[in-house]
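Thanks for coming. I have one structure to go through today, so please look at the screen.

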Amino acid sequence: MKIELIENKIFINRGDSKEEIHPFWLRERLDGEEFLDKGTQQRLFDPSSMNCEVAVEKAKISDGFIEINFNDGASSKIDLNKLASEFSNKDTVIKSINKIKWDSTLKNVKNFEYKDNFFDSKEMHDLLVSFYQYGFVIIKNVPTEDNFIVKFANSIGSVRRTNFGEHFNVRSKLNPNDLAYTTLHLTPHTDNPYRNPVPCIQLLHCIENEVSGGFSTLVDGYTVTENLKKDDPETYKVLSEVKVRFRFTDKNVVLEDWSELIHLDEEKNFKQVRFSPRLDYVPILEKNKLDFYYKARKKLSDLYNSEKNRIEFKLEPKDLMMMDNYRVLHGRTKFDPEEGKRFLQGCYIDFDSTEGKLRHLKRKFNL
Ligand SMILES: [Fe+2]
């Protein structure tokens, strides 16, 4: 990719094609002192209020910069590399990390070790890349005192507070408002499918775990979805088209949202799964359509609950797990509270936290 100049017109040459760059696109990107605040990288002018009939009067390319004089009197030198980084028209940090499909055969995923200055380290960069590859990551040796999970979350980005509080304590209790607070086996599910928007990432920190059961289970919704798309396109189609209602009620709130169990993006690629079969209600449809929907949901449930797709492990005290709640389903095996204590703390953060931190660390370490 190269930027070329022909008679005051500026072109982008992609090898197989050459296109003129709109002069206003360049005018908006002037980064001299009078145009851009160096600290915030925010514009000091408002291009939306300007006359867009701008033309290049004079331009020169030298030493990796393009120097442009516009007919409205503005002029500046722009770094060609900085311009080139905008030509892909999409996010080059997060989307460039390829998701790795996994099932019960998954092994050798790196665990990370908490240490001083962890949050601004190269280790944190690698951790976030691994998180985007697998949809979860485990950090060992994270301090457990004073609700440290909140500090941990706020050191990556910001806690996403919900009606369960800034963080929640997962231990069995009397009159629970969610099955998480019992000793029951929890089948694979995603959290809070009834929220708009659904919390993106769950952090779960093991404080005490003295029981022999209570294993954590994870299933990669991305792998299950992609396999289903290939093996059973009809089932995939119905699950990615029918919107169902998720609802949560307690004394103070009624939360409700509608979504497909497999939610695709504008390009029909995987975006999010929601699965919480104690909370979902399909709308009334023709009987034969519902017949097909119920079979499709059963098939999806069988896949999520299959041993073939599940990994199972025990969280040790000081282990902190981060899970992508749009991709990975989680659950736990039942446990006997008579055997000892089991106490986990959880909270949520959103993707802006991990994305913002990852972009910052790439900039910091020049990666
Ligand atoms: Fe959960």
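How many bridges join strand S4 to strand S5? Six, and S4 (residues 56–62) and S5 (residues 65–70) run antiparallel. Before I go further, this is a predicted model, where local features need pLDDT of at least 70, side-chain atom pairs count only at pLDDT 80 or more, and totals for chains, interfaces and linings use all residues. Residues are numbered from 1 along each chain as its sequence is written.

Some terms. Helices (H or I, at least four residues) and strands (E, at least two) are DSSP runs, numbered from the N terminus. Two strands pair if DSSP finds at least two bridges between them.

Back to S4 and S5. Ile 61 stands opposite Ile 66 in S5. The hairpin of these two strands has two residues between the strands, and Asp 63 there takes a positive phi near 50 degrees.

S5 also pairs with strand S6 (residues 75–79), in the antiparallel sense, over five bridges. Ile 66 turns up again here, opposite Ile 78 in S6. Four residues lie between the strands in the hairpin of S5 and S6, where Gly 73 has a positive phi near 95 degrees.

Next, another sheet. Three strands form an open sheet with antiparallel pairing, in the order S14-S13-S17. Its edge strands are S14 (253–259) and S17 (280–281), each pairing on one side only. S13 (residues 244–250) is joined to S17 by two bridges, antiparallel, and Phe 246 stands opposite Asp 280 in S17.

Now the chain as a whole. Its secondary structure comes to eight helices and 21 strands. The C-alpha trace spans about 80 × 55 × 45 Å along its principal axes. Of the 367 residues, 28% count as buried, meaning 20 or more other C-beta atoms within 10 Å of the residue's own, with C-beta atoms placed from the backbone. For contacts, the C-beta atoms of two residues, again placed from the backbone, must lie within 7 Å. Among contacts between residues at least 6 apart in sequence, 74% join residues at least 24 apart.

Last, the core. A nonpolar core is a set of buried Ala, Val, Leu, Ile, Met, Phe, Trp, Tyr and Cys residues joined through C-beta atoms within 7 Å. The largest one has 55 residues, of which Phe 136, Val 137, Ala 153, Leu 203, Met 321 and Ile 349 touch the most other members. What does Leu 203 touch, leaving out residues up to four places away in sequence? Ile 149, Phe 152, Ala 153, Leu 320, Met 322, Gly 346, Cys 347 and Ile 349.

Key: Buried ≥ 20, exposed ≤ 12 C-beta atoms within 10 Å, placed from the backbone.
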